[in-house]
Amino acid sequence: DWPQQPKAPPDAPNVVLILLDDLGFGAAGTFGGPAASPEIDKLAAQGIRYNAINTDAICASTRASLLSGRNQHQVGFGNLPDVAAGFPAYNGVWPRNTATIAEMLKDNGYNTAAFGKWHNTPSWEISPAGPFNHWPTGLGFEYFYGFMNGESSEWEPRLYRGTNPVEQPVPGVHLTSELTNDAIHWIRQHEAVAPDKPFFLYFATGATHAPHQVPKEWITPYVRKFDKGGDRISDETFARQKKMGVIPANADKTPRPAGLPAWDSLTPDQKKVYARQMEVYAGFLSHTDHEVGRLIQELRDEGIDRNTLVIYVVG
């Protein structure tokens, strides 16, 4: 009479939750933006595209809500853990009486893994000495590969596997590519060993959060594409979103904040710098789209895409 592990219901779907960082609603081409996102387009064409979602305006708060299903203040993340305060709603300490979705699924027969940005552990607990109960592996994820803080270099990231610091990955490999490679390896290993067991995979890129770093070949297609300036780009995006039905046909644009100068009021040097920054940002998004597309393609290649629920939070 051996003790039995919990088993998921027959044909329980895999769940892949993808979260992009610091990405505006009007950035990706899938929602009318100027940056090409063909992989998101492909996925949207096969599923449902939602255009109404509430975030908490702060990434750690949004993540706490997303992974717990609760208001961020109930999970201690009314603000960033980097500026935590000694009040229950703002201390950045995930309470023991609030389970993550990973923990609930793990206890019901799923394998669980998290890749990329975490940012939901108290900053004073991020060390080789722990404690580790607020790390991903202490909150329901059996496997973790990523970085713990709010941002990391895309070329020289500070990564952890589980709770152990990882030596510098292969030089010259972009962080998003490295995370995708590891996630694909995890899926292949899982399907080789336990194909009948469903999994929950949380994939949270550092992109498109600062620092904006991406291979040059992804920037090149956008050179000179933003010279017309942010005001015209915004108007064009707004018009495309109306045409696509992403926003209501009678929607009004938000007035420009007083602290945001009009494009025509900028100096030539300012215009040159800001246009270049947008070229890099758009290339960063398209590169991220490509890498996440590789992850989704792996589901197809494994033949498990038809029984996998993909939830893609584009920003």
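A contact here means heavy atoms within 4.5 Å. In this predicted model, residues 24 or more positions apart account for 70% of the contacts in the chain with a separation of 6 or more.

**Overall fold**

The chain holds 7 helices and 7 strands. Read from the N terminus, the order of elements is β-α-α-α-β-β-β-β-α-β-α-α-α-β. The C-alpha trace spans about 75 × 50 × 45 Å along its principal axes.

Of the 315 residues, 46% count as buried. The accessible surface comes to about 16,400 Å². Carbon and sulfur atoms supply 54% of that surface.

**Charges and salt bridges**

The chain carries 28 positive and 35 negative charges. Their mean positions lie 6 Å apart. The salt bridges number 13, counted with a cut-off of 4 Å between a side-chain nitrogen of Lys or Arg and a carboxyl oxygen of Asp or Glu. Three of these pairs are listed below.

| Pair | Closest N to O distance |
|---|---|
| Arginine 188 and glutamate 298 | 3.1 Å |
| Aspartate 231 and arginine 256 | 2.9 Å |

Take the pair of arginine 188 and glutamate 298, joined by a salt bridge. Arginine 188 sits in helix α4 (residues 175-193) and glutamate 298 in helix α7 (residues 268-301), so the bridge ties together parts that are 110 residues apart in sequence. Arginine 188 is partly exposed, at 48% relative accessible area. Glutamate 298 is buried, at 4%; the cut-off for buried is under 20%.

Aspartate 231 and arginine 256 also form a salt bridge. This pair links distant parts of the chain, 25 residues apart. Aspartate 231 belongs to helix α6 (residues 230-244), while arginine 256 lies in the loop between α6 and α7. Aspartate 231 is partly exposed, with a relative accessible area of 29%. Arginine 256 is partly exposed too, at 41%.

Glutamate 236 is partly exposed at 28% relative accessible area. Lysine 228 is partly exposed at 33%.

Salt bridges also form a network. Asp21, Arg63 and Lys117 are its linked members.

**Backbone exceptions**

Most residues other than glycine have a negative phi, and most peptide bonds are trans. Several sites in this chain depart from that pattern.

Two are cis peptide bonds. One runs from glycine 130 to proline 131, with omega near 0 degrees. Proline 131 lies in the loop between β2 (111-117) and β3 (143-147). Another joins alanine 210 and proline 211, with omega about 0 degrees. Proline 211 is in the loop between β6 (199-204) and α5 (216-219).

Two further sites have positive phi. Aspartate 11 has phi near 65 degrees, a positive value in a residue other than glycine. Aspartate 11 falls in the segment before β1 (14-19). The residue is exposed, at 69% relative accessibility. Arginine 224 has phi near 70 degrees, again positive in a residue other than glycine. Arginine 224 is in the loop between α5 and α6. Its relative accessible area is 62%, which counts as exposed; the cut-off for exposed is over 50%.

Technical notes
Residues numbered from 1 in each chain as written. Predicted model: local features only at pLDDT ≥ 70, side-chain atom pairs only at ≥ 80, totals over all residues. Heavy atoms only, no water. Helix = DSSP H or I, 4+ residues; strand = E, 2+ residues; numbered from the N terminus. Buried < 20%, exposed > 50% of the residue type's maximum accessible area, 1.4 Å probe, protein only. Areas by Shrake-Rupley, 256 points an atom, 1.4 Å probe, with all protein chains shown as cover. Lys, Arg positive; Asp, Glu negative; His and termini not counted. Charge placed at Lys NZ, Arg CZ, Asp CG, Glu CD.
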